Amino acid sequence: MYGYIKVAMAVPKVSLADVKGNLQDIKEKILKAEGEKADLVVFPELSLTGYSCGDLFFQSTLLKEALSGLKELSVFSKDVSSAILVGLPLNIGGKLFSCGAVIADGKVLGIVPKTNVAENCEK
């Protein structure tokens with residue numbers, strides 16, 4: 001009506017490197033936000049895999065599971081009206097990126113790699 005959208009910020013219970021378990025909790029949060037009539041559900045950075053996976057980010061198994069989770073979430077999005085923003089690691093051109101993926105209507109609409117990396121705060 002006035003160009004506003006209702007945004008839900010969701011924080012799933014994330015288990016490190018457990019894409020399937022994390023995906024289940026993410027889906028539950030999406031359905032809850034859907035019930036609250038959210039137009040967009042936003043999840044934290046690396047919410048599909050967990051943030052502190054360390055060396056596991058360089059293992060193809062975790063990266064393949066993250067991509068598979070993204071595909072599954074894309075299919076899941078066909079049945080909800082909310083758009084979804086979820087974080088995952090992606091190997092792009094041989095480099096590892098923390099990315100945000102926008103999903104709606106059964107499609108991945110865009111993927112944006114993180115560009116601003118926090119500097120080391122130690123002096």
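Val86 stands opposite Ala101 in β4. In this predicted model, that pair belongs to an antiparallel pairing of strand β3 (residues 83-92) with strand β4 (residues 95-104), which extends over nine bridges. The two strands form a hairpin with two residues between them. In its turn, Gly93 has a positive phi of about 60°.

Strand β4 also pairs in the antiparallel sense with strand β5 (residues 107-113), here over six bridges. Cys99 stands opposite Pro113 in β5. β4 and β5 again make a hairpin with two residues between the strands, and Asp105 takes a positive phi near 50° there.

These strands are part of a secondary structure of two helices and five strands.

Now the overall dimensions. The radius of gyration is 15 Å, which agrees with a compact globule, because 123 residues in such a globule would give a value near 14 Å. Along the principal axes, the C-alpha atoms fill a box of roughly 50 × 35 × 25 Å. Of the 123 residues, 39% count as buried. Among contacts between residues at least 6 apart in sequence, 60% join residues at least 24 apart.

The surface comes last. The protein exposes about 7,900 Å², and carbon and sulfur atoms supply 56% of that area. There are 14 positive and 14 negative charges, and their mean positions are 3 Å apart.

Conventions
Residues are numbered from 1 along each chain as its sequence is written. This is a predicted model: local features need pLDDT of at least 70, side-chain atom pairs count only at pLDDT 80 or more; totals for chains, interfaces and linings use all residues. Side-chain values use heavy atoms; hydrogens and water are left out. Two strands pair if DSSP finds at least two bridges between them. Helices (H or I, at least four residues) and strands (E, at least two) are DSSP runs, numbered from the N terminus. The radius of gyration is taken over C-alpha atoms; the globule rule is 2.2 Å times the number of residues to the power 0.38. Buried means under 20% relative accessible area, exposed over 50%, partly exposed in between (1.4 Å probe, protein chains only). Contact means heavy atoms within 4.5 Å. Accessible areas come from the Shrake-Rupley method with a 1.4 Å probe; for residues, only the protein chains shown count as cover. Lys and Arg count as positive and Asp and Glu as negative; His and the chain ends are not counted. The place of a charge is taken as NZ of Lys, CZ of Arg, CG of Asp or CD of Glu.
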